[in-house]
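Please view the sequence and the structure together.

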Amino acid sequence: MSKQRIVWWASEDFWRKCAIFVTAFMAVVLIVLTFDSVSAITAGRGHVPAYTVINQRVGYVFDETRNMKVPSIGAPAPLFGKALDADEALALVDLGKVTSQAKNCMDCHTILGNGAYYAPDLTKAWLDPAWGNEASRETLMLNFLMDPNRYARTYGTNRRMPNLGITEAEARGLVAYLKWMSAIDTNGFPAGFVPIEQGD
Amino acid sequence: MIDYRSLSAGQKVAVKYFAAAMVLFLAQIVFGLLAGLQFLMPGFLYNVLDFNVTRMVHINAMIVWMLYGFIGSVYWLVEDESGVELVGARLANINFWIFTTAVAVVVVVFLVVQSGPGNQESIWLINEGREYIEAPRWADIGIVVCVLIFFYNIAATFLKGRFSGISGTLVLDLIALAGMYLAGMFYTTNVSVDQYWWWWVIHLWVEATWEVLVGCIMAWGLMKTLGARRQIVTTWLYIEVALMFGSGILGLGHHYFWIGTPEYWLTIGGFFSALEPIPLVAMVVHAVYDAGRHGFQSRNNPALAWLIAHAFGNFLGAGVWGFIHTLPQINLYTHGTQWTASHGHLAFFGAYATIVIAMVYIAVQRVRGDVWMSEGLPGNGWKWKWALGLLNFGVLGMTVALLIAGYEQSFIERAVGGSTWTAFFEAQRHPWFVQGMVWRQIFGYMTAAGILILLWDLMTIGAAETRTAKVIQAHTPRTAAQAAG
């Protein structure tokens with residue numbers, strides 16, 4: 001078959017140009033959207049709260065306008081009874097984040113729905129009704145993280161969290177990280193989640 | 001017989017990568033079986049090799065063996081495609097051993113040290129704790145250096161020889177592939193920012209640059225096994241690149257529905273990811289058309305069978321299984337459930353394992369002295385056929401079992417239970433979920449049997465063969481010359 005007999009829309013040259021143009025165009029669109037998205041997800045702006053949100057009560061309420069559940073930021077409710085300034089809050093949440101990576105939490109749990117499916121999602125772990133009530137939540141979380149064998153929560157599955165040697169400081173960091181994460185606006189994920197009962 | 005000495009420099013490097021890839025493939029299934037057992041027997045290896053370790057090794061072995069397979073494939077085809085000998089062959093060999101030693105060290109640390117205290121030293125030396133890219137930061141830097149050396153070998157060889165449509169696409173794709181990895185090499189407190197860039201690595205590798213890479217390998221493979229015309233396969237490759245990047249780059253948005261990113265991603269991600277199966281349909285049409293056009297007359301039947309398995313597996317696993325839960329309206333309930341595991345199993349196997357296996361068969365044929373590997377093999381070629389059947393049905397069975405478990409989770413945990421921890425465990429205890437896990441394990445054993453037979457076949461096929469490879473009917477003098485040798 002000679003090259004002349006190929007119609008233009010089936011030609012190698014046409015599709016090479018298409019491939020280059022489409023790839024370049026989509027890459028440019030992605031880069032533009034990335035500038036906007038990264039700005040929107042910077043802590044303290046848009047959907048992602050400032051780290052000092054751990055000084056306040058976090059809830060999860062239905063928003064009529066958006067027709068989905070969104071985090072609510074309520075009255076002061078300092079974590080572990082001590083209000084932190086911006087630097088201290090950042091340091092505590094950061095300790096939790098780095099601990100979550102060093103302990104490889106994501107290969108059992110999901111975080112914002114991403115990870116492994118052996119253990120529960122951690123997106124709203126701070127707000128989970130399983131902690132009973134607001135007053136005992138912090139203590140229960142710390143105890144569980146530091147000694148998951150003794151304070152195992154298996155819900156009849158016999159699936160227990162391993163002992164990862166988490167120190168008290170790391171456990172406090174993890175709780176702060178989970179509280180901060182529960183205040184991220186995740187476009188209504190998880191749907192229908194009913195949080196633990198809280199003061200307001 | 002083994003005709004290793006007559007291999008070219010690039011082919012010798014490729015054989016090393018293929019051999020390591022097959023060892024890691026076996027490791028992947030071993031740790032997959034252990035992780036699967038832990039769903040059924042949660043006390044199994046508790047506090048010894050916990051699920052987070054077995055699962056991490058399972059998925060990392062997979063990523064690394066596929067990378068090894070791709071690198072091996074490119075080393076295998078680079079000289080044939082460029083018409084000159086590999087540039088920097090000695091460096092390529094040293095690079096292989098450095099890379100492999102680094103992988104071995106990372107795996108030993110994963111298994112022995114497992115995790116560290118909550119500080120940056122753990123991230124740098126032990127485990128980065130981010131799914132799929134758990135390798136510690138020192139290894140990240142090592143991977144980048146090794147990939148740059150690999151890139152130098154390939155780009156310099158093509159520059160010295162001739163460039164074609166396939167090699168041009170390949171080199172540009174390798175730049176993108178290496179560049180994407182850099183997006184994952186930083187630490188941040190902010191989990192939304194973390195996951196935003198993490199998906200640049202995972203998605204833009206798996207659903208964009210890897211797909212184009214296997215498109216290049218497929219194009220070359222069809223020319224080699226069938227004698228397909230270069231002009232046809234190159235045109236198809238461009239079509240696939242246009243459709244793949246046209247849908248896949250913004251299809252990234254389906255990972256940005258629920259991680260704190262703006263709401264416009266629901267629309268953009270939903271729309272473009274719904275288009276992602278289209279290029280995969282094109283690949284099926286392309287492969288089946290070419291195979292049919294040549295009357296399924298091939299110089300390497302196992303390789304052709306795996307190339308066809310790749311076309312269908314890619315379409316089903318990445319295309320159909322991705323599409324069924326990609327729109328935000330359903331993904332709100334399927335996100336973070338076994339639906340994703342189901343999709344992951346069929347997509348990684350169908351899109352990538354298959355084509356690497358095809359390339360390994362092409363290499364084995366040459367290593368055996370370019371022997372006959374068409375119809376009428378001893379024992380009617382039962383080993384490669386059984387391996388093909390067991391592996392494909394094994395993975396498909398795991399996929400369906402996981403999907404059923406995922407359906408159950410979506411309803412009971414997500415839709416009815418509102419995704420609380422109580423709802424999670426209620427769904428995990430449900431008989432439909434447990435049955436799904438049992439069947440996943442059974443099909444996992446079937447897959448393992450397939451791998452063992454595959455490895456046995458790769459070590460024995462063609463060993464006693466005296467006939468030379470079938471000369472296939474090609475359409476142009478150029479392709480005929482290549483097919484003949």
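## Y51(A) and its surroundings

Y51(A) counts as buried because 26 C-beta neighbours lie inside 10 Å; the term requires 20 or more other C-beta atoms within 10 Å of the residue's own, with exposed meaning 12 or fewer, partly exposed anything in between, and C-beta atoms placed from the backbone. This is a predicted model, in which local features need pLDDT of at least 70 and side-chain atom pairs count only at pLDDT 80 or more, while totals for chains, interfaces and linings use all residues. Residues are numbered from 1 along each chain as its sequence is written, and chains are lettered from A and ligands numbered from 1 in the order in which they are written.

Y51(A) sits in the loop between helix 1 (12-40) and strand 1 (56-63) of chain A. Helices (H or I, at least four residues) and strands (E, at least two) are DSSP runs, numbered from the N terminus. Leaving out residues up to four places away in sequence, Y51(A) touches A43(A), A86(A), A89(A), L90(A), V93(A) and W180(A); contact means that the C-beta atoms of two residues, placed from the backbone, lie within 7 Å. Between Y51(A) and K69(A), the C-alpha to C-alpha distance is 21 Å and the sequence separation is 18 residues.

## Domains

Chain A divides into domain 1 (3-40) and domain 2 (53-182), with bounds from an automatic or database domain assignment. The C-alpha centres of domain 1 of chain A and domain 2 of chain A are 43 Å apart.

Chain B divides into domain 1 (1-163) and domain 2 (220-485), and 20 Å separate the C-alpha centres of domain 1 of chain B and domain 2 of chain B. Their contact takes 28 residues from domain 1 of chain B and 22 residues from domain 2 of chain B. On the domain 1 side, helix 1 (9-40) and helix 2 of chain B are the elements that give two or more residues, and helix 1 of chain B gives the most, with 15 residues. That side has 20 nonpolar, 6 polar and 2 charged residues. Here Ala, Val, Leu, Ile, Met, Phe, Trp, Tyr, Cys and Pro count as nonpolar, Asp, Glu, Lys and Arg as charged, and the others, Gly among them, as polar.

## Contact between the chains

The contact takes 72 residues from chain A and 68 residues from chain B. Several helices of chain B supply at least two residues each to the side that touches chain A, among them helix 2 (51-82), helix 7 (191-226) and helix 13 (338-367). Helix 8 of chain B gives the most to that side, with 11 residues. By class, the chain B side has 28 nonpolar, 31 polar and 9 charged residues.

## Helix packing in chain B

The axes of helix 7 and helix 8 of chain B come within 9 Å and cross at roughly 170°; axes are lines fitted to C-alpha atoms, for helices over the stretch in contact, and angles run from 0 to 180 degrees between N-to-C directions. Helix 7 of chain B is therefore roughly antiparallel to helix 8 of chain B (under 35 degrees is roughly parallel, over 145 roughly antiparallel, 65 to 115 roughly perpendicular and the rest oblique). Their contact has 13 nonpolar, 4 polar and 4 charged residues.

Helix 2 and helix 13 of chain B pack at about 40°, with axes 10 Å apart, which means that helix 2 of chain B is oblique to helix 13 of chain B. The residues of this contact divide into 8 nonpolar, 3 polar and no charged.
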